[in-house]
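Let me put it on the page, then jot down what I looked up.

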Amino acid sequence: MLCNTDMEIRNMEYTPEQHSLKCPKCQRGMNEVDHEGVTIDRCSNCHGLWFDADEAHQLKSLPESQALDTGDPKDGWKWDTRVEIDCPRCSKRMELTSDAKQKHIWYEVCHDHGMFMDAGEFADFKEENLLDWFRAVIKGDRSTVAP
Ligand SMILES: [Zn+2]
Ligand SMILES: [Zn+2]
């Protein structure tokens, strides 16, 4: 099984016209997907998501953006076992980071380029945002409400 996967990766031509990025986790092509004018890259194989710069945070605040996270979280967990990945833009080793608000969510970060989440992680990341916002409203903390 592993040998087959290696062969497929070697034989796959990298075509920038079709795929803007290679998935840092499984090396397959990623497809650009758009939500409300924010374009991210989604892996055609493991369905991991690549966010440039702060796209993840931009999308977090947009309604229905969890629809971008079409992968089965079970697939995400399967791929989560390979923790050392390189930035698809600069090929530097990415840093595994636990979300400041949601410690159970881990994603890979390149401080110069963006972040990678496994399938299912963005939906989780997004969900908590709504709960946080709701709690903040209940507490009356105006600092979290956009001006
Ligand atoms: Zn992938
Ligand atoms: Zn980078």
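My entries below go from the overall layout to single residues.

**Ground rules.** I'm working with a predicted model, where local features need pLDDT of at least 70, side-chain atom pairs count only at pLDDT 80 or more, and totals for chains, interfaces and linings use all residues. Residues are numbered from 1 along each chain as its sequence is written, and chains are lettered from A and ligands numbered from 1 in the order in which they are written.

**Confidence.** I looked up pLDDT (the predictor's confidence in each residue, from 0 to 100). The protein chain averages 80, and 69% of its residues score at least 70. Helix α1 (residues 2-11) sits lowest with a mean of 48, while β4 is highest at 96. Where pLDDT is low, the predicted coordinates should not be read in detail.

**Layout.** I found 4 helices and 7 strands in the protein chain. Both kinds are DSSP runs, numbered from the N terminus: helices are H or I with at least four residues, strands are E with at least two. Along the sequence I read α-β-β-β-β-α-α-β-β-β-α.

**The sheet.** Two strands pair if DSSP finds at least two bridges between them; β1 and β2 are joined by 2 bridges. In that antiparallel pair, Lys22 stands opposite Gly29 of β2.

**The record.** UniProt has an unreviewed entry that puts "domain: Transcription factor zinc-finger" at residues 22-60. I note that UniProt positions are given in the numbering used here, feature names are shortened, and annotations may be inferred rather than shown by experiment. In the model, residues 22-60 are 15% helix and 46% strand, with the end C-alpha atoms 23 Å apart.

Next I checked burial. A residue is buried if 20 or more other C-beta atoms (placed from the backbone) lie within 10 Å of its own, exposed if 12 or fewer, and partly exposed in between. By that count, 29% of the 147 residues in the protein chain are buried. A nonpolar core is a set of buried Ala, Val, Leu, Ile, Met, Phe, Trp, Tyr and Cys residues joined through C-beta atoms within 7 Å. The largest one has 22 residues, and Leu49, Trp50 and Met117 have the most contacts inside it. Among the elements that each supply at least two of its residues are β3 (38-43), β4 (49-52) and α4 (121-139).

Beyond four places in sequence, Trp50 touches Leu21, Met30, Ile40, Asp41, Pro88, Gly114 and Phe116.

**A buried loop residue.** Gln66 is in the loop between α2 and α3. Buried or exposed? Gln66 counts as buried because 20 other C-beta atoms lie within 10 Å. Leaving out neighbours within four places, Gln66 contacts Phe122, Ala123 and Lys126. Gln66 and Lys126 are 60 residues apart along the chain, yet their C-alpha atoms are separated by 6.6 Å.

**Two positive phi values.** Glu36, in the loop between β2 (29-35) and β3, has phi near 50 degrees, positive although the residue is not glycine. Ser91, in the loop between α3 (73-80) and β5 (95-98), has a positive phi near 65 degrees. Glu36 counts as exposed because it has 10 C-beta neighbours inside 10 Å. Ser91 also has 10 inside 10 Å, so Ser91 is exposed.

Technical notes. Contact = placed C-beta atoms within 7 Å.
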